[in-house]
Amino acid sequence: MSQVGYHPAQRKVAVLELDPRVADVQELQLSRIDHNGTPQPVKADKPTHWGPLYDYDYYTFDFTEAKEPGQYFLRYGDESVGPFRIGTDVYEEAWRPTMDMFFPIQMCHVKVRDYLIVWHGACHVEDALQAPPNQIAVDGYSQGPETETRFKPNEHVPGFGWGGWHDAGDFDLPTGAVASTVLWMALAQEEFPTDRDVTSVSRDERHVELFEPDGKTDTLQQVAFGMEYLLAFYRAFGHIGAGVIANKGPDYGRVGDPTSITDGLVYDPSLAPGERKEGRSGRFDDRWVFTNRSTAGQYQFVQAAALASRVLKGFDDNLAKECLEAAETIWEYERTHDPASFAVAYQPQEDGFHSWELAGTAELFLTTQDAKYRQRLMDLVPSIAQMPADTFGRGVGFTLLRAMPKIDSERYRELALEKTKAFQESLRVELAKSPFGVSMHFAIWGNNWDVLQETARLYFFIKSFPELFDTEDLYSGLHYNFGCHPATNHSYVSAVGSKSATVAFGFNRNDSTYIPGGVVSGASLILPKFPEYRARPWDWYQTEYVIQGSAAYVFDVLAAERLLNGSQAVR
Ligand SMILES: [Ca+2]
Ligand SMILES: [Ca+2]
Ligand SMILES: [Ca+2]
């Protein structure tokens, strides 16, 4: 069940995971705590057999009729779960720890404090050195035979000392993950605007203070911080590269305060190791920036930047203008040059259907309404037509749907509807494969971030074609994230829900602790069919925090809040 509980209007289905050898399945009991603190029975019934899956036999218990606000428990035999709430406000605060704490704490290049608590100091301020050609680095980063920039190997590239979030417990700044995080955050702000302000960000002092307002909307400050990092590539190279990461293994794997991983001074090869002169240092500890161009990555940036330029307008007009200028310049470059597909972690690859080009072009069209972007989208209609339904639904589809009203073309709309219908049918089949009502694809990590991003995309399908979709499918993604999933019933969001992931693979994992609002990947599938969640700090494939999953989570909670409580809901 969901550890944060349920809105009265939602479907409520608990899932019971049993050893298939259990012969006599007992009653499940739902009770509500009365004003004396005593559990009062609400419903007791034999659960419904769903069937075998993985190493288990699954049953469901539908208690949708429970609508009275309050605290509830579910009991089966000796096992009891709860308390969990039923109330119209169950999601109201659920997104806040992620924006109030997790994202500020993941910020690189600043110190982060919460009054007495120092989360970390201003780290990696000397970023970054040009990664040398043919350099293979940790965590899937590599450089091709050319740098594709004007910088010499190991030369300091200015401008990388501000912006970006550490991804997970690693301290690298992966371009694709940052772009995807900006996307979900900015879409959340565009669809469900909030003016919440509990974080101060001082660029001059490199100081972020939690729970101290500074008169600026936090989500916009975070979108700007992500874009500042991505724009550093554009400013220095004119194109986007794979990311920034430590130049040696141990520096990549360190835990605790990252401030002392590097000495904060720019590397100068003319100095002896340990020598310092005029603010430069002979210690070779500066991080590398990886700079090969990959067309899909350029279009991913175009999409994030075009969207951010809309959202940042009125907040930081200069930055908004630069975002749009960068998006348009890079789009133009990719349109007039041969595509490049340097394969490296944290940069996407284009498929045979121009998915990333379509995403960037549609977003630019949404921002500018310029006829040349509309024309390019219409030119690519045959590619959309050839796209398999799942490629559409799990990829660029939600972006193409967002552009649909402004494109105002019957052919485009018909095609979007046709693809959406086909995707909806495929999704129906997929969601019925488990009692959890979400896509259960596992590849090393748990599937929670995939579920959260699918849920976010689903919001736009529901918005475009409400008659084709059931909003309960969107809520299933949240219930899954909050505890209705295999192996255990932890909420996958640290500190959100009665029982949550309070041990996780963040940069404080060595203390077996967590960062409030961080979202873990959750139970992974040990082959052939054992779902496992051990809640251990170093099991990165189960308890790791990743920034894009956390941003999609924020989007999903706000989407549910909007669908259930209307537009006045978001605060
Ligand atoms: Ca990483
Ligand atoms: Ca603020
Ligand atoms: Ca240094």
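Visitor: In what order do the three strands of the open sheet lie?
Guide: Strands of a sheet pair through backbone hydrogen bonds, either parallel or antiparallel. Here the order is β1-β5-β4, with antiparallel pairing. Two strands pair if DSSP finds at least two bridges between them. Strands (E, at least two residues) and helices (H or I, at least four) are DSSP runs, numbered from the N terminus. This is a predicted model: local features need pLDDT of at least 70, side-chain atom pairs count only at pLDDT 80 or more, and totals for chains, interfaces and linings use all residues. Residues are numbered from 1 along each chain as its sequence is written.

Visitor: Which strands stand at the edges?
Guide: β1 (13-18) and β4 (48-53) do. Each has a single partner strand, so one side of each is left without a neighbour in the sheet.

Visitor: How many bridges join β1 to β5?
Guide: Six bridges join β1 to β5 (residues 56-62). In β5, Phe61 is the bridge partner of Ala14.

Visitor: Which residues coordinate the calcium ion (ligand 2)?
Guide: Donors are N, O and S atoms within 2.8 Å of the metal (3.2 Å for Na, K and Ca); water is not among the atoms, so sites may look incomplete. Here Asp197 (OD), Thr199 (O), Asp214 (OD), Lys216 (O), Asp218 (OD) and Gln221 (OE1) coordinate the ion at 2.3 to 2.5 Å. Asp197 lies in the loop between α2 (175-191) and β12 (199-202), while Asp218 is in helix α3 (residues 218-237), 21 residues apart.

Terms used
Chains lettered and ligands numbered in written order. Heavy atoms only, no water.
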